Amino acid sequence: MNIAFYSGVSGLVAYQQDMDTIAHNMANVNTVGYKPLRTEFSDLLYTRMAINNEEEKLVGHGVRASKVELLYGQGNLQSTEYPLDFALVGEGFFAVDRGRGTLEYTRNGAFDLSVEGKKTYLVTADGGYVLDGKGKPIEVKRATDGTYDYGDVQDRLGVYRFDNPYGLEVTTGSSFRETDVSGRAEAVQVGRGEESPYRIVSGAVESSGVNLGQQMVDVIMTQKAYQFNAKIVQTADELEEIVNNLR
């Protein structure tokens, strides 16, 4: 009887975590450059009901949410006609310095300017410095009449790759940090005559990769699975009560 309790409760915990992941995806359906998450499940410990009967089939003890996987599909491009918006098509990430030595990587190319004294830098919406291929903040020059020249900004943007981007750590919104699993970030260097693994489109951003219709289907499936496991716990409790009343 305890196995039924454990199996049901493990399902409740796992599918609650899955629902949290789906809710996070749906909340970021309009976040530029966002990559959706998917919960992966795995079986828990298997044992034999009859310890002395090795021919009996193993019985499982439920399920758990083993990991949350990133889905790296190319998002649709959304035209903005703003000269400091850039969309990445293909592999790679923009690098962002959040300060205090914290580097993050993103597909969100909705950038802006930050005027600091006599210098102006290319920054993200939350103020992080956008880096070039050498890991330096990109300074945007201002003309004597006070206007800015955006002509070379696109060519100066650093694009970085990872051996295993699926191992990146998700931070907030559409940003990531490198991990031991992802490997170190390496700036993409395209030699003469070599084909670039990416291209940058100016005046556009990459839309969120969330498919809202698929997320709604996932919500229904997860709710049904949660209700099924709740019913297991309820039935196990009722059976336990019947057994106790027979004593």
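Select Gln215, Val219, Thr222, Ala225, Asn229, Val233 and Ala236 in helix H3: these residues are buried (under 20% relative accessible area with a 1.4 Å probe, protein chains only; exposed is over 50%, partly exposed in between). The model is predicted, so local features need pLDDT of at least 70 and side-chain atom pairs pLDDT 80 or more, while totals for chains, interfaces and linings use all residues. Residues are numbered from 1 along each chain as its sequence is written, and side-chain values use heavy atoms, with hydrogens and water left out.

Next, display the whole of H3, residues 212–246 (helices are DSSP runs of H or I with at least four residues, strands runs of E with at least two, numbered from the N terminus). Helix H1 (2–27) is included in what covers the buried residues of H3 (contact means heavy atoms within 4.5 Å).

Turn now to the aromatic rings. The structure holds 12 aromatic pairs (Phe, Tyr or Trp rings, the six-membered one for Trp, with centres within 6.5 Å; planes under 30 degrees apart are stacked, over 60 edge-to-face, the rest tilted). Select tyrosine 105 and phenylalanine 162, an edge-to-face pair at 5.1 Å centre to centre and 85 degrees between the planes. Tyrosine 105 lies in strand S8 and phenylalanine 162 in the loop between strands S12 and S13, 57 residues apart. Tyrosine 105 is buried at 5% relative accessibility, and phenylalanine 162 is buried at 10%.

Definitions and conventions. The expected span of a helix is 1.5 Å times one less than its number of residues.
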